[in-house]
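Me: Hi! Could you walk me through this one?
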Amino acid sequence: MGCTGLVYGYSLDGNGGGCALSGDDIDKGLPEDQLIWLHFDYTDADTRHWITEKSQLNEVVIDALLTEESRPRATQVNEGLLIALRGVNLSPDSNPEDMVGIRIWIDDKRIISTRRRRMLSASDIVDAIETGNGPTSTGDFLAMLSSALMVRMQDTINDTEDYVDSIEEELVSSSSYDLRNKISAVRRVVISLRRYLAPQRDALQQMNQTKVSWLTESDRQNLREVTDTLTRYIEDLDSARDRAAVAQEELSNRLAEQMNNRMYLLSIVAAVFLPLGFLTGLLGINVGGMPGAENPWAFWIVSGFMTITVAIQLWLFKRKNWF
């Protein structure tokens, strides 16, 4: 039985097409005179056995291809490149910021890539190969994969910016506490995306600077274009992050102002009723000799006095511009 962990396998013809390879085919050995792309699920036991025992790669590369966690990077090993890249997770019911990773060993004849979760960018390359528009060389493959990752990111970046726009528009007409949850959510998304995109930009720049013979000037130009696109995405994320921070600060100021206005109103009310409470408390003591206890007009006299007291207080508060 062949390697069950092989997701895609192709022998590329150098003209954009290729012939599919199965797990049985690669178990028999790889042809040395053809350009090969093998894409594995590294969680499969057969994958681990094949890469460890039959790939003829050194231990550093094997460990990198089979590792659980990987930060975007590009490292030259002799005439090959060991690369780790990330793409947005566009699977159903998933969070785009929960980025999926791909690990690649690439030289002039072999492309060995591994992943744990499905990556649509790899599927894009398969579709291109099936239609005869696939990569013609290993350098072309690297440029196509990097470009496909950027294309898949575009909608996520645009959606994030649109979400920040909607928050800003809602902030103009509302100062609801619910906005704080929305702002916090979009800031978490931006932080998660930027966590991997910033080192991925460095990895692309490192790829472009490597001195491997199979990476042509055209391939380097394509990689530079991808790097520029990624740089623009990072700048857009930085802008969204800053705008979200400004929106959160504005919302906090408005909520604080609302709270201060309410506390100020309560303070004014308390100040108005403080002397009235003193008077009613004083007149309510149950001791003999209270003036006006037998006078039928005493209640109205006291009520009128308290009304005049309130009016004088309000006049003083208004004169001092307290309200």
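Me: Where is the kink in H5 centred?
Reply: On Met153, with a kink of about 30°; the bend at a residue is the angle between axes fitted to the seven residues ending there and the seven starting there. Helices here are DSSP runs (H or I, at least four residues), numbered from the N terminus. One caution: this is a predicted model, where local features need pLDDT of at least 70 and side-chain atom pairs count only at pLDDT 80 or more, while totals for chains, interfaces and linings use all residues. Residues are numbered from 1 along each chain as its sequence is written, and side-chain values use heavy atoms, leaving out hydrogens and water.

Me: Thanks! And where is the kink in H7?
Reply: At Phe273, shortly before the proline Pro275, and about 35°.

Me: Switching topic: how many salt bridges are there?
Reply: The count is 10, taking a side-chain nitrogen of Lys or Arg within 4 Å of a carboxyl oxygen of Asp or Glu. One of them joins Asp165 and Arg243 at 2.0 Å, N to O. Asp165 is in helix H5 and Arg243 in helix H7, so the pair ties together parts 78 residues apart in sequence.

Me: What does Asp238 pair with?
Reply: Arg194, at 2.4 Å, N to O. Asp238 sits in helix H7 and Arg194 in helix H6 (residues 178-209).

Me: Is Asp238 buried or exposed?
Reply: Buried, at 17% relative accessible area; buried means under 20%, exposed over 50%, partly exposed in between (1.4 Å probe, protein chains only). Arg194 is partly exposed at 24%.

How values were computed: Helix = DSSP H or I, 4+ residues; strand = E, 2+ residues; numbered from the N terminus.
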